[in-house]
Amino acid sequence: MRFCAYLGGLAVLSIAAAQIFQSPPSIVPIKPLHRADWTTIDKPFPAFALDIPEASGVLSSYVVRRQPETGAREDIITLGDAQSTAPYLEVIVHRPGRVASSFADPQDELKALAAEAGPAADLVAKAPLLTKFGPMSLGSFDITAPPLRHCLGFVRNFDDPPLQMSGRFCQGGTDYIERSTLACALDRLTLLAAGSEPRLGTLFAKAELNRNFCGERDPILAPTPKYKLLWQALATRPEPRRIGR
């Protein structure tokens with residue numbers, strides 16, 4: 001009996017020693033799944049419209065992105081091919097959602113727009129562009145990656161409601177986009193549905209009061225054909241009139 005008890009004690013001590021001195025199990029840390037800041041909505045319901053009949057046959061897209069944590073929303077409207085020398089227009093309407101934060105300085109936003117477009121030459125600040133939404137900060141830059149394209153970037157921040165409107169208008173060739181052509185394009189941006197944001201409807205309603213319908217309300221600009229051919233005017237700008245022979 002003593003001998004059995006002795007063997008049993010040795011067995012218990014052996015098991016305890018094995019538990020103490022054995023190497024700890026390898027623990028692989030679990031990496032959290034990456035969650036993107038922005039998620040793209042499938043089959044979005046458009047809140048805005050950019051009606052340019054002259055560009056009815058041009059490639060177009062409407063993308064809505066959201067930030068689930070903040071409720072921020074971006075509506076991105078494009079017309080044309082960003083990699084082509086043909087006219088390309090991008091309009092971004094950004095609403096910050098539940099987080100009350102100020103927007104970045106317009107010049108910093110314009111630099112970011114130029115950087116996102118691709119390898120670009122230095123941004124050149126221009127005089128504000130007068131639109132139905134008020135004056136917009138404007139800058140010109142060239143996309144240096146082939147094919148060479150000239151661009152005008154624009155941005156305007158609104159306090160009530162908190163909203164940022166930005167984008168770019170680009171084209172290839174030797175001619176630069178005229179400011180009036182970009183203003184005419186932004187003149188066509190309208191609101192389809194304000195949802196639960198009545199102040200957004202008020203903003204666009206006030207903007208419509210300032211709309212000049214691409215120069216048709218201006219006796220000086222109205223006779224100019226290029227204001228009636230917004231999209232084609234970029235590629236087929238008419239020759240200036242000559243007085244006399």
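Predicted model: local features only at pLDDT ≥ 70, side-chain atom pairs only at ≥ 80, totals over all residues.
Buried means under 20% relative accessible area, so Arg95, at 8% relative accessibility, counts as buried. The side chain of Arg95 makes a polar contact with the side chain of Asp75, at 3.3 Å. Setting aside neighbours within four places in sequence, the residues in contact with Arg95 include Ala47, Phe48, Ala72, Arg73, Pro162, Leu163 and Glu197. Leu200 is also in contact with Arg95, and Leu200 is one of the buried residues of helix H4.

Helix H4 covers residues 198-209. At 1.5 Å a residue, its twelve residues should span 16 Å, and the end C-alpha atoms are 17 Å apart, which agrees. Leu200, Leu203, Phe204 and Ala207 are buried in H4. Viewed down the axis of H4, the buried residues fall within an arc of 90 degrees, so they line one face of the helix. An α-helix has 3.6 residues a turn, so residues three or four places apart point the same way. Pro198, Lys206 and Leu209 are exposed on the other side of H4.

| Strand | Residues |
|---|---|
| E2 | 48-50 |
| E5 | 88-95 |
| E8 | 149-158 |
| E9 | 163-172 |
| E10 | 189-191 |

The whole structure holds one disulfide. It is formed by Cys151 and Cys170, with sulfur atoms 2.1 Å apart. The pair links distant parts of the chain, with Cys151 in strand E8 and Cys170 in strand E9, 19 residues apart. The torsion about the S-S bond of Cys151 and Cys170 is about 110 degrees, so the disulfide is right-handed. Both Cys151 and Cys170 are buried.

Methods. Residues numbered from 1 in each chain as written. Heavy atoms only, no water. Helix = DSSP H or I, 4+ residues; strand = E, 2+ residues; numbered from the N terminus. Expected span 1.5 Å × (residues − 1). Buried < 20%, exposed > 50% of the residue type's maximum accessible area, 1.4 Å probe, protein only. Arc of directions from axis to C-beta. Contact = heavy atoms within 4.5 Å. Polar contact = N/O pair within 3.5 Å; in protein donor to acceptor, adjacent residues only side chain to side chain. Disulfide = S-S within 2.5 Å.
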